[in-house]
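Please view the sequence and the structure together before reading on.

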Amino acid sequence: MPQANSANGADGNEKRNDEPGEEQLSLFVERFAADMVEAGMPRMAARVFGALLSSPEGVMTSAQLAEQLRISPAAVSGAISYLVNITLVRREREPGSRRDRYRLLPDQWYEALTSRDARLIRWSDTLRDGIATVGPETTPGRRMAETLEFFDFMRNEMGRLLSRWRAHREEVFGPTGPGPAGNG
């Protein structure tokens, strides 16, 4: 593998020439966030997730996120709450400090999808109650039954699909996954 050329940056720290510049990184974060927003994620959460995803360690503090994204600490806090809730990010205490830092979960997409199982079960239970309320032979009852069947199908298929993903991931990236976030 070729060695990256390096030079001293304005701050005196060594910077590799193959590393993206601040502007390139910002463009990626904003583009990725736009894709996530289009899929339904709140904008600030998408930007924070993109920043964490593109950070070297997959770990940043609130201050680092606010500075990089040029947003308020309150915006970071709201975004982090959302990302923790959907199990894409973990909040942890910085060692030797009272500050929190935020870490991408190892295999974050797997974790986010498996956490959906509890929601699908809850939605299925509510649908069963709805079917009983309106009657299984009514038009709304049949529509609810089809939705219930879809959720049950997805839960069954998702389990098999995620098992196949784990095996594939280990084959491609090894047992701990890619990079430092995979070792966390």
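In which helix is Y110 found? Y110 is found in helix 5, which covers residues 108-134; helices (H or I, at least four residues) and strands (E, at least two) are DSSP runs, numbered from the N terminus.

## Basis of the report

The model is predicted, so local features need pLDDT of at least 70 and side-chain atom pairs count only at pLDDT 80 or more, while totals for chains, interfaces and linings use all residues. Residues are numbered from 1 along each chain as its sequence is written, and side-chain values use heavy atoms, with hydrogens and water left out.

## Overall architecture

The protein chain contains 6 helices and 5 strands. Read from the N terminus, its elements follow the order β-β-α-α-β-α-α-β-β-α-α.

Of the 184 residues in the protein chain, 32% are buried; buried means under 20% relative accessible area, exposed over 50%, and partly exposed in between (1.4 Å probe, protein chains only). Among contacts (heavy atoms within 4.5 Å) between residues at least 6 apart in sequence, 46% join residues at least 24 apart.

## Y110 and its surroundings

Y110 has a relative accessibility of 19% and therefore counts as buried. Leaving aside residues up to four places away in sequence, Y110 touches L162, W165 and R166. The C-alpha atoms of Y110 and S163 are separated by 9.6 Å, although these residues lie 53 residues apart along the chain.

## Helix 6

The buried residues of helix 6 are G141, L148, F151, D152, L162 and R169.

At the start of helix 6, a side-chain oxygen of T138 comes to within 3.0 Å of the backbone nitrogen of G141. Just after the helix, G174 adopts a positive phi of about 90°.

## The pairing of helix 3 and helix 4

The axes of helix 3 (residues 62-69) and helix 4 (residues 73-85) come within 9 Å and cross at roughly 110°. Axes are lines fitted to C-alpha atoms, for helices over the stretch in contact, and angles run from 0 to 180 degrees between N-to-C directions. The two helices are therefore roughly perpendicular to each other, a term applied to angles of 65 to 115 degrees, whereas those under 35 count as roughly parallel, those over 145 as roughly antiparallel and the rest as oblique.

## Residues in the loops

R70 is placed in the loop between helix 3 and helix 4. It has a positive phi of about 55° although it is not a glycine, and at 65% relative accessibility R70 counts as exposed. T87, in the loop between helix 4 and strand 4 (89-93), is likewise a residue other than glycine with a positive phi, near 60°. With a relative accessible area of 21%, T87 is partly exposed.

S55 belongs to the loop between helix 2 (43-54) and strand 3 (59-61). S55 counts as buried, at 13% relative accessibility, and its side chain reaches the backbone nitrogen of G58 at 3.0 Å.

Note on methods: A polar contact is a pair of N or O atoms within 3.5 Å; within protein, one must be able to donate a hydrogen and the other to accept it, and residues adjacent in sequence count only if both atoms are side-chain atoms.
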